[in-house]
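Trainee: I am new to this structure. Where do we begin?

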Amino acid sequence: MAGKRRGVGKVVSRSATSAINLSVAGAAAVGALALMSWPIAALGGAAYAALVVSDLSNPDFRRRALRASGQVGMPKVKDLQDPQLVEVVEQLGAARGDIDATLADTPARVRRNLTTTIHALDELYGHAAVLVCRARDLGTYLERTDAEDARREAKSLRARAAAAEAKDDAASSREYQLAAAAAVERLTALDDLAKSKDRIFANLARIRATLRSVPPKIVRMRALDDQASDALTGDFDQELGRMNTDLRAFEQTLESLVEVSS
């Protein structure tokens, strides 16, 4: 229960401090002060509260808020069944450990230039955690489904539709065709899920490679003067920013798929 309450608090906090909601409250406050009107202030407060309630009732907003707060953690290796996923999580953990060790040995003057970089890396690792969870859930679902069974079913139903049509039984043929279309739709959905799982692993490989590239870049910054170090840091921050943007878009694509049970 304590964890659940903390999660609710994270969602409330993110909604209460969102730019849109605060702008509504701020505009009302400014208007109330300018006109010396308490009703305007009250109306603005009610609008602000309504926006927060709307956010709290929105499942997509709650998921985004929890991810942004770090509520979605990296699964433990002992809780994973997929050997490929276990290897990925171990490698991601090792890469992050290497980054932490390198930062610990880095002079303060260089670390000061890496504040934005460190935040971006934290976000990157958070995306990795989300993708690992999604790969785990997709894998669990796909293991208990049989794509070949859907393929055989569609083929059988199409054959029955053709046989019924040959017997001049239009009604039966139509029903078999509809059943075959449903089986094909099921097969297409399973294929899409399998492809999505492959794309998740591809994105995790990109994240892993990026994390592994960080320590040598930090070490190289130590040998540069402040101006050169700033330039190198700026380029890397832009790269990480683009990558995090790509991953956010990819996560939204995954969320648009059929929700699977774990």
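Trainee: Are α7 and α9 roughly parallel or roughly antiparallel to each other?

Mentor: This is a predicted model, in which local features need pLDDT of at least 70 and side-chain atom pairs pLDDT 80 or more, while totals for chains, interfaces and linings use all residues. Numbering starts from 1 along each chain as its sequence is written, and side-chain values use heavy atoms, without hydrogens and water. The axes (lines fitted to C-alpha atoms over the stretch in contact; angles run from 0 to 180 degrees between N-to-C directions) of helix α7, residues 115–143, and α9 cross at roughly 150° and come within 9 Å. With angles over 145 counted as roughly antiparallel and under 35 as roughly parallel, α7 and α9 are therefore roughly antiparallel.

Trainee: Which residues does L142 contact, leaving aside neighbours within four places in sequence?

Mentor: L142 is found in helix α7. Its C-alpha atom is 9.7 Å from that of D191, 49 residues apart along the chain. Counting contact as heavy atoms within 4.5 Å, and leaving aside those sequence neighbours, L142 touches L190, L193, A194 and K197.

Trainee: How is α5 oriented relative to α9, roughly parallel or roughly antiparallel?

Mentor: Helix α9 spans residues 170–222, and its axis comes within 9 Å of that of α5. The two axes cross at roughly 15°. That makes the orientation of α5 to α9 roughly parallel.

Trainee: Which residues of α5 make the contact with α9?

Mentor: On the α9 side, the contact includes F201, L204, I207 and R208. On the α5 side, the contact is made by Q84, L85, V88, Q91, L92, A95, D98, I99, T102 and L103.

Trainee: At roughly what angle do the axes of α5 and α7 cross?

Mentor: Residues of α5 meet residues of α7, among them L92, R96 and I99 on α5 and L121, Y125 and A128 on α7. The axes come within 11 Å and cross at roughly 170°. That makes α5 roughly antiparallel to α7; the angle asked for is roughly 170°.

Trainee: How far is R96 from the ring centre of Y125?

Mentor: A charge sits over a ring if NZ of Lys or CZ of Arg is within 6 Å of the ring centre and within 35 degrees of the ring normal. R96 lies over the face of Y125, and its distance from the ring centre is 4.2 Å.

Note on methods: Helices (H or I, at least four residues) and strands (E, at least two) are DSSP runs, numbered from the N terminus. Angles under 35 degrees count as roughly parallel, over 145 as roughly antiparallel, 65 to 115 as roughly perpendicular and the rest as oblique.
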